Amino acid sequence: METPGSQSSLHRANLERVVRAVRLAGSLTQAEIARTTGLSAATVSNIVRELKDGGTVEVTPTSAGGRRARSVSLSGDAGIVIGVDFGHTHLRVAIGNLAHQVLAEEAEPLDVDASAAQGFDRAEELVERLVAATGVDRTKVAGVGLGVPGPIDVESGTLGSTSILPGWTGTKPAEEMSRRLGVPVHVDNDANLGALGELVWGSGRGVKDLAYIKVASGVGAGLVIDGKIYRGPGGTAGEIGHITLDESGPVCRCGNRGCLETFTAARYVLPLLESSHGTGLTMESVVRLARDGDPGCRRVIADVGRHIGSGVANLCNLLNPSRVVLGGDLAEAGELVLGPIRESVGRYAIPSAARQLSVLPGALGGRAEVLGALALALSEMGDSTLLDGSVSVATPVFT
């Protein structure tokens with residue numbers, strides 16, 4: 001029996017520390033593992049050798065700084081995680097392994113007015129279909145990350161009031177999907193998952209403090225502080241869409257006037273172009289027209305960028321992030337929207353905070369949230385089960 005402070009318990013703790021570092025990063029060289037964990041190079045080398053012999057990790061030759069090195073990643077068959085993203089008009093599911101490789105991914109339209117039960121049914125069916133298509137061992141499913149476009153109460157896991165999925169208010173998505181799938185399910189809002197996705201796979205790699213801004217039917221920010229998502233005690237941190245820009249402005253769905261959302265979200269922006277471009281526009285089509293040189297669409301995109309920049313300036317003054325990543329369809333506008341964002345940040349943010357900030361488009365597009373859901377599942381799973389040779393904590397009940 002291991003006792004606290006014993007040599008065996010210390011060794012076990014070091015094993016778990018190395019496995020966690022590799023699991024969260026996807027792959028690391030042994031030198032990077034040493035820097036991340038604080039362990040000596042000799043200790044890391046011995047642990048990696050032991051984990052490799054046990055089949056927990058794979059080691060492949062690579063280079064770092066022009067020198068030969070060894071890249072360490074978790075074994076491709078060590079376990080499986082599933083990401084589920086409920087969007088405004090879509091459902092997307094991805095399956096990945098613990099080496100951060102996406103094995104399968106599929107999206108399908110989702111009626112925003114559908115009931116929660118119908119949404120859960122569709123998600124369960126799509127998960128089942130992808131698992132069957134990949135042929136993965138279902139006992140290897142370690143967990144599921146689930147994204148929803150609304151605030152989640154941290155303590156209860158309940159979806160708060162949202163005009164995007166009104167029929168879902170008061171539901172407990174993680175609890176319901178866990179009951180259906182028979183594995184642990186972890187839930188978060190879409191902006192937080194977008195931040196996680198870009199942090200692990202996209203434009204946020206290499207930084208520890210960033211804000212992911214998503215502009216769609218609403219406006220939200222996923223905040224990463226010291227490498228971790230900051231949710232706040234009630235789970236509502238990052239509601240940047242409800243910063244007041246004009247107290248006499250349009251009435252927002254939250255009941256206030258002149259919120260950032262009322263100047264940037266699709267439901268408020270698209271009507272500005274109806275008199276000149278007709279109905280049926282989407283933010284995607286406006287961005288495409290702007291890139292093709294349409295003056296009206298370019299003006300609207302630039303105005304949206306300036307308003308977003310005002311909100312970002314507030315974030316800079318409060319949190320001083322080193323990077324802001326713009327996600328959603330709007331990011332495809334490139335410098336047409338990023339330039340005005342930077343202009344407003346330069347005007348309204350503290351100069352030192354503005355100088356340190358980089359503003360980039362998201363690298364993952366519409367996949368950011370589902371990949372973030374995979375990252376959430378990866379971050380929440382334990383390491384002890386990997387070392388014990390099985391990630392399964394329950395037998396999945398896929399039908």
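Predicted model: local features only at pLDDT ≥ 70, side-chain atom pairs only at ≥ 80, totals over all residues.
1. On the H1 side, the contact is made by Arg17, Val18, Ala21 and Val22; on the H2 side, by Ile33, Thr36 and Thr37. Sorted by class, this contact has four nonpolar, two polar and one charged residues.

2. H2 also crosses H3 (residues 41–53): their axes come within 9 Å, at an angle of roughly 115°. The crossing of H2 past H3 is right-handed. Here Gln30, Ile33, Ala34 and Thr37 of H2 meet Val44, Ser45 and Val48 of H3. The residues of this contact divide into four nonpolar, three polar and no charged.

3. H4 covers residues 116–134, which is 19 residues. At 1.5 Å a residue they should span 27 Å, and the end C-alpha atoms are 27 Å apart, so the two values agree.

4. Which residues of H4 are buried? They are Ala116, Gly119, Phe120, Ala123, Glu124, Leu126, Val127, Leu130 and Val131. In an α-helix there are 3.6 residues a turn, so residues three or four places apart point the same way.

5. The buried residues of H4 pack against strands S4 (80–86), S5 (90–97) and S6 (102–109), and against helix H5 (173–181). Just after H4, Gly135 takes a positive phi of about 70°.

Note on methods. Residues numbered from 1 in each chain as written. Heavy atoms only, no water. Contact = heavy atoms within 4.5 Å. Helix = DSSP H or I, 4+ residues; strand = E, 2+ residues; numbered from the N terminus. Nonpolar A, V, L, I, M, F, W, Y, C, P; charged D, E, K, R; others polar. Expected span 1.5 Å × (residues − 1). Buried < 20%, exposed > 50% of the residue type's maximum accessible area, 1.4 Å probe, protein only. Axes fitted to C-alpha atoms, helices over the stretch in contact; angles between N-to-C directions. Left-handed = near helix turned anticlockwise from the far one by under 90°.
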